[in-house]
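User: I would like to learn how to read the features of a protein model. Could we go through them one at a time?

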Amino acid sequence: MTPLSEPAYLEIARRKQAQLDSGIPTEWRLPAHLIPAGMLFPPSPVAHSQAYRRENVMDIPRRSGLLTQKELRITENWDVRGLLAQMREGTCSAEDVARAFSKRAAIAHQVTRCLTEPLFPSAIQRAQHLDVILQRTGKPVGPLHGLPVSVKDCFRIRGVDSCIGLTALAFKPSTFHARLVNMLLSLGAVIIAKTNVSQAMAAPDSYNHVFGRTLNPLNHQLTVGGSSGGEAALVAMRGSMVGFGTDIGGSIRVPAMCTGLYGFKPSVGRIPFGGVVTGQTPGLGRVSLQGVAGPLARSVADLGTVLAEIVPRAEQFGEDCIPGRWVSESPPVSDRQTREFTVGVLRTDGLVTPLPSVARVLDEVADSLRRTPGVRVVDVPVPPALRKCQGIAGRLMGADGGGSLLDLLESTSEPLIPWLQTRMKRREPLSLEQLVHLQDQRSELEKELHGMWTVDGECTKRIDAIITPVAPHPVPELDRFNAIGYTASFVLLDYPAGTIPVRNFLESDLDSGSDINSPVLGSWDRVNRELWRGKSVDRRVYLDSPLSIQVVTPRQHDYKLFKAMEIIDQAVQSQKRATWSDSKS
């Protein structure tokens, strides 16, 4: 094929990659020996099948020599609250912080391909402006003054593309900010970059033909998750303090699981979502399935610090937001004498049986909670209605028949990425009658699953939070993420849900439950078992990858989700300390 007859998307991708490459300052570029094999830059738009080595690049920012000791301290020594205090007290300037995180983000990109739009010059300029105001008035510009954050590519920023991995949307800069971007700027945050996604944000692995594949910094052979995979890679490598993604099928919780981060999917209306590019027919989410925006961070405390500022102010910035408070609306969790905090254990969604290592880590967390004073642990039987959620969520997500996305792809002759090729094709859009029927089924499921939050069916005995897998398998290899029902179902139900990392996959996990004797539940379950005992998988690939759990609370109980994540994370950390102490004695 001659260059004159090549598909239009290839030339657009080359130009977009060149633009991205030019956004990495020469003085921040890594020496060749530190760039892992397979990290071509710019990446070939068709190199999706490239084999990657087992490579952990987490230490490259420190090994590179590009970061000064001061920049290492700024990017490594503080949580969100601590870093904000450093800038308020004048120990370090917002400019120093923005420059340090921008440089670290540039390094992270060179080893994971996590960015789409580096915003380093504007971030440093904004930080300088914040410093001037603080020096002149003695007051910070908002509660997040100088906090370096990043946002998923779908969030519009004026003058910048939001192409969401589609060549048809490249070189079409936004003319206004997304509502969340306006809010973050109002709070004093500094946005240092936008990050990579899966093609049209439609897959759980962050690969597209515009920017290539974002790689997992913990192991290049494993997926970084999607569609907020660029956010996960950047935050994991400390190139941003907090990343903001979106979630309609698991796109915050899955990347958090894949990189050992904490992710928070709120209820609808808690965080502004307006102004997000989706690639779908405008307004589709209002009649089908509504996505939400939420944060990824390195601790529960960091999630709480930003959510405490965002949730109470959300209605001021988002027409899609409700009045909110970031306080408990139930008896205090610390009041152990009058009420125990009850955690339910939901071991399966009834459609896909979790693989042994996933089931094992869920049991370990449950055991840790049983040893926690003031916490009661109960088993949650699988409600029959839960098995129906994934199917209805999937149909609502595809309500437009995929026509809008496929039209965009066809306009530049861009092919679907591998994960989507066998899963997506043009269909007839759902009729009004079909949509109404699905929403009626959704209402029935909501009513049936309301009983899941009671103990033994007694309305006076309530379950405060449920722990369950994020996915029924460990972090898989590239393009092998299987079932999203464990995450998509809670979008259908509008339950807030978060990811908590527990521990890494150990040698002892390799032989646990080698034989899964329970009956195969269906095609999803069959494929899932192939990830454990299939001929194409050496399960040693999972060694040292993070194992996580999901925490879920009832609809609009977002603050309770945060408190539950605090309690559960403290139990997990206590168990880690006890295990470490035993190993030393």
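**Reading the model, feature by feature**

Analyst: Met201 is found in the loop between strand 3 and strand 4; helices (H or I, at least four residues) and strands (E, at least two) are DSSP runs, numbered from the N terminus. This is a predicted model, in which local features need pLDDT of at least 70 and side-chain atom pairs count only at pLDDT 80 or more, while totals for chains, interfaces and linings use all residues. Residues are numbered from 1 along each chain as its sequence is written, and side-chain values use heavy atoms, with hydrogens and water left out.

User: What is the phi of Met201?

Analyst: Most residues other than glycine have a negative phi, and most peptide bonds are trans. Met201 is not a glycine, yet its phi is positive, about 60°. Ala200 also has a positive phi, near 55°, and lies in the loop between strand 3 and strand 4 (207–208).

User: Are Ala200 and Met201 buried or exposed?

Analyst: Buried means under 20% relative accessible area, exposed over 50%, and partly exposed in between (1.4 Å probe, protein chains only). Ala200 counts as buried because its relative accessibility is 10%. Met201, at 15%, counts as buried too.

User: Which peptide bond is cis?

Analyst: The bond from Gly226 to Ser227 is cis, and its omega is near 5°. Ser227 is placed in the loop between strand 5 (212–213) and helix 8 (229–236).

User: How many disulfides does a search of the whole structure find?

Analyst: A disulfide is a pair of cysteine sulfur atoms within 2.5 Å. The search of the whole structure finds 0. For Cys258, the nearest cysteine sulfur is that of Cys114, 15 Å away. Cys258 counts as buried because its relative accessibility is 0%. Cys389 is also buried, at 0% relative accessibility.

User: How many aromatic pairs are there in the whole structure?

Analyst: A pair of aromatic rings is described by the distance of the centres and the angle of the planes. Rings of Phe, Tyr and Trp (its six-membered ring) pair if their centres lie within 6.5 Å; planes under 30 degrees apart count as stacked, over 60 as edge-to-face and the rest as tilted. The search of the whole structure finds 10 aromatic pairs. One of them is Trp28 with Phe120, a tilted pair with 5.6 Å from centre to centre and 55° between the planes. This pair links distant parts of the chain, 92 residues apart: Trp28 is in the loop between helix 1 (8–22) and helix 2 (60–63), and Phe120 is in helix 6 (residues 120–137). Both residues, Trp28 and Phe120, are buried.

Another tilted pair is Trp326 with Phe562, at 5.7 Å centre to centre and 40° between the planes. Trp326 and Phe562 are buried. One aromatic cluster is formed by Phe264, Trp326, Tyr559 and Phe562.

User: Which ring does the charged end of Lys16 sit over?

Analyst: A charge sits over a ring if NZ of Lys or CZ of Arg is within 6 Å of the ring centre and within 35 degrees of the ring normal. The charged end of Lys16 sits over the ring of Phe171, 5.3 Å from its centre. For Arg213 the ring is that of Tyr207, and the distance from its centre is 4.8 Å.

User: Which residues of helix 15 are buried?

Analyst: An α-helix has 3.6 residues a turn, so residues three or four places apart point the same way. In helix 15 (residues 403–411), the buried residues are Gly403, Leu405, Leu406 and Leu409. Seen down the helix axis, the buried residues of helix 15 fall within an arc of 160°, so they line one face. The arc is that of the directions from the helix axis to the C-beta atoms.

User: How many residues of strand 15 are buried?

Analyst: In a regular strand the side chains alternate between the two faces of the sheet. In strand 15 (residues 546–552), 7 of its 7 residues are buried. Pro546, Ser548, Gln550 and Val552 are on one side, and Leu547, Ile549 and Val551 are on the other.

User: How many bridges join strand 14 to strand 15?

Analyst: Two strands pair if DSSP finds at least two bridges between them. Strand 14 (residues 497–504) is joined to strand 15 by 7 bridges, and the two run antiparallel. Strand 13 (residues 465–468) is also antiparallel to strand 15, with 3 bridges. These strands belong to an open sheet of 11 strands with mixed pairing, in the order 1-3-2-6-8-7-14-15-13-9-10. Its edge strands are strand 1 (115–118) and strand 10 (375–379), each pairing on one side only.
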